[in-house]
Structures are given as structure tokens and as C-alpha cells.
Amino acid sequence: MKILVCIKQVPDMESRFRPNASGTWFEESDLAFRMNEYDEYAVEQAVQLKEQLAGEPEVTVLSIGPDRVNEALKKALAMGCDRGVHIQDPAPQDKDPWQIASIIAQFAQGEGFDLVFTGMQSQDRGSAQVGVLVAELLGYACATTLVGFSFSDGLVTARRELEGGIKGVVKLGLPAVVTCQLGLNTPRYPTLPNIMKAKKKDVLTIPVADLLHEEAVAATARFYPPEKKGGGIVLEGDVGNLVEQLYGILKEKTTVLR
Amino acid sequence: MFLDLTEEQKLIQDTAQEFARAELEPVAAQLDQGDDRGPMLANLKKLAELGFMGLNVKDAYGGSEAGVVAFSVAMTEIARACASTAVTVSVNNMVCEVIQAVGSEEQKKAYIPKICSGEYAAGSFALTETGAGSDPAGMTTTAALDGDQWVLNGAKLFITSAPYAGVFVVWAVTDREAPKGKGISCFLVEAGTPGLIIGKEEGKMGQHASATNEVIFDKCRIPKGALMGKLNDGFRIAVAELGGGRIGIGSLGLGVGLAAMDYATRYATERSQFGQKISDFQAIQWKIADSYTELEAARLLLMNAAFRKEQGKPFAKEASMAKMYATEAANRACYHAVQMLGGYGYTQDYPVERYARDARITSIYEGTNEIQRVIVSREILKNFSS
């Protein structure tokens with residue numbers, strides 16, 4: 001079995017973000033970068049499947065971005081992936097999800113991956129489109145927002161998170177793409193010996209121009225912080241009066257009392 | 001000149017930080033206040049399984065082969081969350097390294113993997129005595145050969161992790177007639193050996209979850225092969241290995257200082273007095289500027305000492321400079337942090353009170369800062385004396 005895991009490196013979400021000079025993305029200097037949280041679930045699930053199948057599958061981890069994404073690739077390799085693919089792109093943020101998906105699909109075509117794992121979305125852009133677009137471009141079956149995964153007899157059983165707390169279960173034949181959601185698993189910490197050994201695993205580098213043949217279909221017009229909210233409403237008066245005011249607000253402006 | 005961490009060092013730092021935030025920080029206050037050190041022992045086991053007990057130890061003995069810089073940054077991240085856990089990790093690494101440096105192949109294979117894997121919760125470094133603190137060569141614990149066994153008699157003081165250590169590195173006088181420091185040897189003593197008695201646990205100001213005990217040797221018999229390194233060469237071994245330990249403790253101090261300043265700075269941006277955030281007052285701004293500058297200087301001193309050790313260069317002076325400066329910068333940072341929180345900083349509702357207590361010992365243990373100054377000045381004066 002051949003498995004592909006697609007990961008993105010994103011800023012630490014505790015960072016302070018400000019728009020960059022072009023006003024279409026955030027300023028990246030001074031930010032600390034990490035593996036996208038949802039992609040960590042994808043890596044973990046792929047490595048768990050490899051372990052379930054006694055180490056038989058080869059797990060390839062892929063990331064698009066500047067040289068710094070090597071750190072995220074190394075983490076995935078230290079967690080148990082076998083080889084890395086770094087698609088060198090100094091400015092992946094200028095590409096839309098369609099282009100990113102087309103780059104991945106272009107690489108994956110002919111590689112014969114049976115199963116592709118990725119996060120349900122990135123923590124920075126959050127489009128949640130790349131996984132499904134890769135499936136469409138490759139003609140693979142697809143299930144999104146997985147909170148449960150099992151594999152037996154050549155079939156993936158995926159437990160999906162739907163709206164309103166409802167879960168759905170789907171079965172997929174291979175080849176397939178699945179996108180991973182919070183709650184699917186608890187990603188392992190890479191052990192220090194494995195971090196050191198990851199140095200010796202192969203990372204293939206490919207210039208993005210070799211794989212990108214699609215025009216963008218969406219452009220980011222503007223990146224800006226939300227308007228500052230007002231100071232809220234301060235109610236004044238005696239307790240009875242306060243209760244009446246609050247009751248009125250809850251009734252008119254919320255659904256709490258309906 | 002390249003001042004950045006390697007990808008592997010960054011990943012180790014990230015792993016330590018994530019583990020510390022998720023597993024250590026949530027139990028740190030409870031460990032400080034309570035009598036149950038179970039959660040710390042459980043976390044030590046997890047840290048061992050991740051490879052944090054033998055960062056600078058060879059793979060063949062169960063170590064991570066990650067080097068000294070990685071050890072330093074990992075210690076800082078662990079100490080940001082829990083100084084008690086951090087000191088245990090630091091001492092465990094030092095015990096592994098001393099066995100790796102001078103132990104026989106048999107000794108290395110017998111003990112290092114057990115500390116690295118977490119089979120032993122800890123190893124202990126038993127050097128200090130009641131009358132031999134800054135002056136360890138003044139020790140009185142003795143070891144005498146009786147047939148094919150050494151017989152240890154005496155008592156060690158302030159021994160970190162003694163109640164849960166699996167093995168003790170013990171120094172004892174083997175030649176009473178030799179000049180001072182020339183008649184001391186180093187031994188490995190397994191926990192549970194008859195005559196090895198774990199004495200009273202000290203009631204300390206801070207780092208409560210890390211046990212500090214007296215250890216008594218009462219006609220304690222160990223095999224002849226328990227001698228580590230050459231006979232009567234023990235004092236030199238201790239002096240050499242403490243250099244590496246100092247990088248660990250300096251890094252620990254840095255972690256506590258950063259934790260205190262990060263907490264106090266965030267607090268200052270939220271706390272208002274006189275109608276404005278207290279971070280708008282220059283008195284607070286200067287504390288922030290001074291403390292972070294000192295902590296950054298400490299970090300660079302530590303990185304330099306760690307890098308030199310990793311490169312196999314002499315590092316004793318640099319390790320002493322870094323330990324001394326970092327632990328004093330940490331204490332000043334904690335002092336300022338408590339001050340920035342005012343009365344709240346003095347209460348146990350806020351962690352800076354714990355940080356201030358935990359930081360205090362760092363200028364004392366692993367060689368007092370007075371001794372560090374002796375080492376630094378001696379190294380410098382060597383180049384000036386005629």
C-alpha cells in the first residue's frame with residue numbers, strides 16, 4: 001500500500017497577526033511556524049495504519065512552501081512517515097486552493113497512492129477545499145471531517161462529523177482521500193531519537209513550477225483585522241430594573257427565551 | 001557565525017514545549033502544594049520514553065544523541081512549566097553522562113539504558129556532605145576494600161531524587177593519606193543495597209516535588225567492580241561532570257525566569273491602575289526591558305557553553321559564567337515579576353510566587369555562584385599571571 005499525507009506549515013495560532021505590505025495576507029516575519037493541527041491528525045492516522053499493517057505501507061509526506069516547511073516535514077518523518085516531498089514555493093499564500101490541489105494532484109498522478117490523508121482545513125486560510133479538490137482531480141473517493149477511521153478488507157470505514165453534532169458513517173473503497181478533524185486521534189510526540197533519525201530519511205525537492213499548470217480561480221482581495229467591537233452594554237439601575245432590562249435584551253436580540 | 005538552532009534542535013525544543021504545556025504545566029501548582037509526587041513520576045516516565053533522559057547519550061545505551069544545545073533548550077522549556085521535573089531531568093542526564101564518560105562498558109550497559117528508558121525514575125549524584133558542600137574534596141565518606149567488596153561508610157546530604165533513584169553515583173575517600181582531592185574514588189551503588197539508607201527528606205523553600213534527602217552508608221557492601229573510573233581519580237571526574245550539569249541548571253534557571261516574566265508582562269498589559277494599563281508606566285516598562293535583556297544574554301551564554309561542549313572544546317569557564325549569570329538573571333526576573341503583580345504576586349493564586357521560590361535554589365545548587373566566580377576568575381587569571 002502507498003499512502004500520501006499532505007501537510008501545511010502554519011503560524012503558531014497564539015501569534016499576533018498583522019496584514020503584510022500587499023494587504024492580502026499576514027506579515028510572516030517574526031512568526032513561529034508549526035505543522036497545521038488538522039494535518040497532525042492526518043500524519044498520526046497514516047502512521048497508525050502503517051503500524052496496523054505491520055509496517056508494510058510506505059508513507060510519503062508532502063508539503064508546499066519555502067525552506068522552513070522542512071521543519072514540519074521532519075516532524076512528520078520523526079512521527080513515522082517514511083519519506084518526504086518538499087515542493088519548493090517561496091509564496092504558497094499567493095496561490096488559491098485550486099492551484100494548491102492541482103500541484104498535489106500533479107505530483108500524485110502516476111505515483112499510485114492508495115490512500116491520501118490530509119487535514120480537513122488549514123488553521124490559517126481555512127478554505128477546507130484542498131482535500132476534496134485533490135480527490136476530484138485524481139478521481140478518488142473522498143470523505144471529509146473524519147472523527148473515526150478504520151481499515152479492513154480493503155475498505156475504509158470513516159466516521160464523519162456532520163452539522164449539529166450528528167455523526168455519519170461511510171465506507172470507501174480505495175483509492176481514496178480522507179480529511180481529518182479534531183477528535184480523530186491524539187497525535188504522538190515525536191521521540192528525540194526519531195527526530196535525530198529523521199535526518200537520514202529522504203526528502204525529495206521539486207520546484208513548484210514543475211507541477212503548477214493551472215491558473216488561479218479565486219484571488220484574495222484584502223486581508224484585514226476585524227473591526228474593533230464596542231465596549232458592550234453596561235446596564236444601570238436597581239436589581240429589579242436590571243432584570244427587566246436584561247430580560248428585554250435577551251428576548252429581543254437573542255433566541256435564548258424563544 | 002550562525003546563531004540559529006538546527007531543524008532537529010528546533011523540533012526538540014517544540015516537542016519539549018508542547019509536552020510541557022500539555023502535561024507539566026497543568027500539574028505544576030498541585031505538585032508544589034501537595035504531598036503526592038505521583039503525577040511527576042508519571043511525567044518523568046513519559047519524558048524518558050520520549051528520549052529526554054539521555055539527550056547527549058549514545059544510541060547504543062538508549063540515548064538520543066541529540067547533543068548539548070538540544071539538552072539546554074529542552075531543559076529551558078521543561079523548566080518554564082515545572083522546575084521540579086526539570087531538575088530531575090537535568091540530574092538524570094548528568095548521571096547518564098558521567099557513567100558514559102568514565103564507566104566500563106559493562107557499567108554503561110547496566111545502568112544508562114535503565115535511566116534513559118524510564119525503568120529507573122531517576123539516578124542520583126551523591127557528592128555533597130554535611131561538611132563538604134562547596135569544598136567537596138573535604139568529604140569524609142569512606143570506601144575500603146574488604147576481599148572482593150568495597151565497604152562504604154558515611155553520609156551524603158541534599159541528594160536529588162534519592163527516594164526513587166535506581167542507581168547512585170557515590171564519591172568516597174579511598175586513600176586517606178593522599179593529598180586533598182587525590183584520594184577520592186567514584187562508585188555505582190544500586191538502590192536497595194543493604195546498608196544504603198535513604199534518610200530524611202528536606203523541607204525546602206521550592207522545587208517541592210523533587211525530593212532532596214540525606215543518604216547514609218552504613219557498612220554498605222558493593223562489589224569490587226562497582227568502582228567507576230580509575231581508583232583515586234574520582235574528584236577529577238566530579239569536577240569535569242559538574243561542568244555539564246551547570247549548563248543544565250543554568251538552562252533551568254532561564255526557563256523559570258522566562259516563565260515569570262512572560263506571566264508578569266501579560267498581566268501588566270491587562271491590569272489597570274490610575275485609569276491605564278500598568279504596562280503604560282515606565283517603571284513597569286523598564287522592568288520588562290531589563291529582565292528580558294538579561295534573560296536573552298543568559299540564553300546566549302548558555303548556547304555558547306553548550307555549543308563548546310558539543311564541539312569538544314574546553315567549556316568549564318563558559319559553563320560557570322552561564323550558570324552564574326542565568327540563575328541570577330532568573331532570580332532578578334522573578335523578583336521583578338512578583339513586584340509587577342504587587343500583592344497578588346505574593347499569593348499562591350498566581351504562579352510567580354512559585355517561580356520565585358523555585359528560582360532561588362538555582363544560584364546555590366550545582367555549585368554555588370560564589371564557586372562559579374572562583375572558577376571563572378581562576379580561568380581568566382591563568383592567562384595573566386607570569
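This is a predicted model: local features need pLDDT of at least 70, side-chain atom pairs count only at pLDDT 80 or more; totals for chains, interfaces and linings use all residues.
Student: Why does A:V10 count as buried?

Tutor: Burial is judged by counting neighbouring C-beta atoms, and 20 or more within 10 Å make a residue buried. A:V10 has 23 C-beta neighbours inside 10 Å, and therefore counts as buried. This residue is found in strand β2 (residues 9–11) of chain A. Neighbours within four places in sequence aside, A:V10 is in contact with A:F33, A:R34, A:N36, A:S122, A:Q123 and A:D124. A:A198, by comparison, is 188 residues from A:V10 in sequence and 21 Å from it in space, C-alpha to C-alpha.

Student: Which way do the strands that pair with β7(A) run, parallel or antiparallel?

Tutor: Each pairing must be read separately. Strand β7 (residues 141–152) of chain A runs parallel to strand β10 (residues 176–180) of chain A, and four bridges join them. Within that pairing, A:A143 has A:V178 as its bridge partner in β10(A). With strand β8 (residues 155–161) of chain A, β7(A) runs antiparallel, joined by six bridges. There, A:S150 is partnered by A:T157 in β8(A).

Student: How many residues lie between β7(A) and β8(A) in their hairpin?

Tutor: Two residues separate the strands of this hairpin, and A:D153 in the turn has a positive phi of about 50°.

Student: What do the strand pairings of β7 in chain B look like?

Tutor: Strand β7 (residues 212–223) of chain B is joined by nine bridges to strand β3 (residues 149–160) of chain B, and the two run antiparallel. In this pairing B:K156 stands opposite B:V215. Strand β6 (residues 196–201) of chain B is also antiparallel to β7(B), with four bridges. Here B:E201 stands opposite B:N213.

Student: Why is helix α9 of chain B described as largely enclosed?

Tutor: Seven of the nine residues of helix α9 (residues 352–360) of chain B are buried, so the rest of the structure largely encloses this helix. The buried residues are B:V352, B:E353, B:R354, B:Y355, B:A356, B:D358 and B:A359. Their cover includes α1, α4, α6 and α8 (316–341) of chain B.

Student: Which residues have the most contacts inside the largest nonpolar core?

Tutor: That core has 190 residues, and those with the most contacts inside it are A:V5, B:I78, B:F187, B:C334 and B:A337. Helix α6 (residues 234–268) of chain B contributes the largest share, 16 residues. As one case, B:F187 touches B:A143, B:W150, B:V170, B:A172, B:I222, B:A226, B:L227 and B:M228, not counting residues up to four places away in sequence.

Student: How are the domains of chain B assigned, and how do domains 1 and 2 meet?

Tutor: The domain assignment gives domain 1 (7–120), domain 2 (125–232) and domain 3 (236–381) of chain B. The C-alpha centres of domains 1 and 2 of chain B lie 23 Å apart. Their contact takes 19 residues from domain 1 and 15 residues from domain 2. On the domain 1 side, α4(B) provides the largest share, nine residues. By class, that side has 12 nonpolar, four polar and three charged residues.

Student: How many residues of each chain are in contact between A and B?

Tutor: The interface counts 17 residues of chain B in contact with 14 residues of chain A. Helix α1 (residues 7–33) of chain B gives the most to the chain B side, with nine residues. The residues of that side divide into seven nonpolar, three polar and seven charged.

Key: Residues are numbered from 1 along each chain as its sequence is written. Chains are lettered from A and ligands numbered from 1 in the order in which they are written. Two residues are in contact if their C-beta atoms, placed from the backbone, lie within 7 Å. Ala, Val, Leu, Ile, Met, Phe, Trp, Tyr, Cys and Pro count as nonpolar, Asp, Glu, Lys and Arg as charged, and the others, Gly among them, as polar. Domain bounds come from an automatic or database domain assignment. A nonpolar core is a set of buried Ala, Val, Leu, Ile, Met, Phe, Trp, Tyr and Cys residues joined through C-beta atoms within 7 Å. A residue is buried if 20 or more other C-beta atoms lie within 10 Å of its own, exposed if 12 or fewer, and partly exposed in between; C-beta atoms are placed from the backbone. Two strands pair if DSSP finds at least two bridges between them.
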